[in-house]
Amino acid sequence: MDQRHFYTPSPFAEKYLLASDGMGIESNPKFLIDRDYFYNHLVMFVLSGTLCVEQGGKTFDIAPGFCILMTLTEPHKYYFKEKNSKIMWFHFRGFPVQTLISDLSARGCLPSVTKFSSELMDAQQLLLLRKNSQINAALEFHISSVLYRMILHLSASLFDRLQDDSLWGLKQNHPYLDYLDQHVNAPVNLDDMAANFHMSRFHFCHVFQKMFGMSPLHI
């Protein structure tokens, strides 16, 4: 059964929290959204059928078990391709994730399609909270915390791929290898090497091992 819950977030939530002015479940076969701009970001979980999303000159056919993270501040269109399609959706906005969303968008990474798992439990909890509770300050804090956890989970694998792709690009363009050549006679300092490529020490070691099959301590 379809659900749609809309409300106006408080000024406090708009300023300090991760706010959602709408969430729900949609299964209408004629479902179609076609807009130039909407002041929100969006997550849609595909529960059955196929969801089609068009944005930025790209088209995504999203199958059950996958979700899409996108910003609605650019022209967008989404609709069902099959009659039995069903999604769970959440609008969200707010400063706690705005830098993250802006960075992903600037890199051309949104919309982003990701396979979901534990995030669905967060999504179901949000709908249950909204369905059975009156909006108040405590609930707005709770909604914000669950939304924040969900968005971070969905973004984590994407940022891992971005970091890996960045270092692969360094390998192809040689500054990484140039750095090693320039410091071949110097003692290995992992902190300096990681900082040179704007990474944490842990992530630098992880990606180096993945690329070269050895620890940077063994170069």
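**View 1. The second largest pocket of a predicted model.** The second largest pocket has a volume of about 160 Å³. A pocket is an open set of points on a 1 Å grid, with protein on both sides within 12 Å along at least five of seven lines. This is a predicted model: local features need pLDDT of at least 70, side-chain atom pairs need 80 or more, and totals for linings use all residues. Residues are numbered from 1 along each chain, and side-chain values use heavy atoms.

**View 2. The lining of the second largest pocket.** Lining residues have an atom within 4 Å of a point. Among them are Arg4, Phe31, Met44, Trp89 and His91. Strands S1 (3–6), S3 (32–35), S4 (41–48) and S9 (86–92) each supply at least two lining residues. Strands are DSSP runs of E with at least two residues; helices are runs of H or I with at least four. By class, the lining has seven nonpolar, one polar and three charged residues.

View 3. Asp21 sits in the loop between helix H1 (11–16) and strand S2 (22–26). Asp21 is buried, with a relative accessible area of 16%; buried means under 20%. A polar contact of 3.2 Å joins the side chains of Asp21 and His91.

**View 4. An open sheet of four strands.** The order is S3-S8-S5-S6, with antiparallel pairing. S3 and S6 (58–62) stand at the edges with a single partner strand each, so one side of each lacks a neighbour in the sheet. Strands pair if DSSP finds at least two bridges between them. S5 (51–55) and S6 pair over five bridges. Val53 has Phe60 in S6 as its bridge partner.

How values were computed. On a 1 Å grid over the protein atoms alone, a cavity is a set of points where a 1.4 Å probe fits but cannot get out, and a pocket is an open set with protein on both sides within 12 Å along at least five of seven lines; lining residues have an atom within 4 Å of a point. Grid points are joined across faces, edges and corners, and a volume is the space filled by probe spheres set on the points. Ala, Val, Leu, Ile, Met, Phe, Trp, Tyr, Cys and Pro count as nonpolar, Asp, Glu, Lys and Arg as charged, and the others, Gly among them, as polar. Buried means under 20% relative accessible area, exposed over 50%, partly exposed in between (1.4 Å probe, protein chains only). A polar contact is a pair of N or O atoms within 3.5 Å; within protein, one must be able to donate a hydrogen and the other to accept it, and residues adjacent in sequence count only if both atoms are side-chain atoms.
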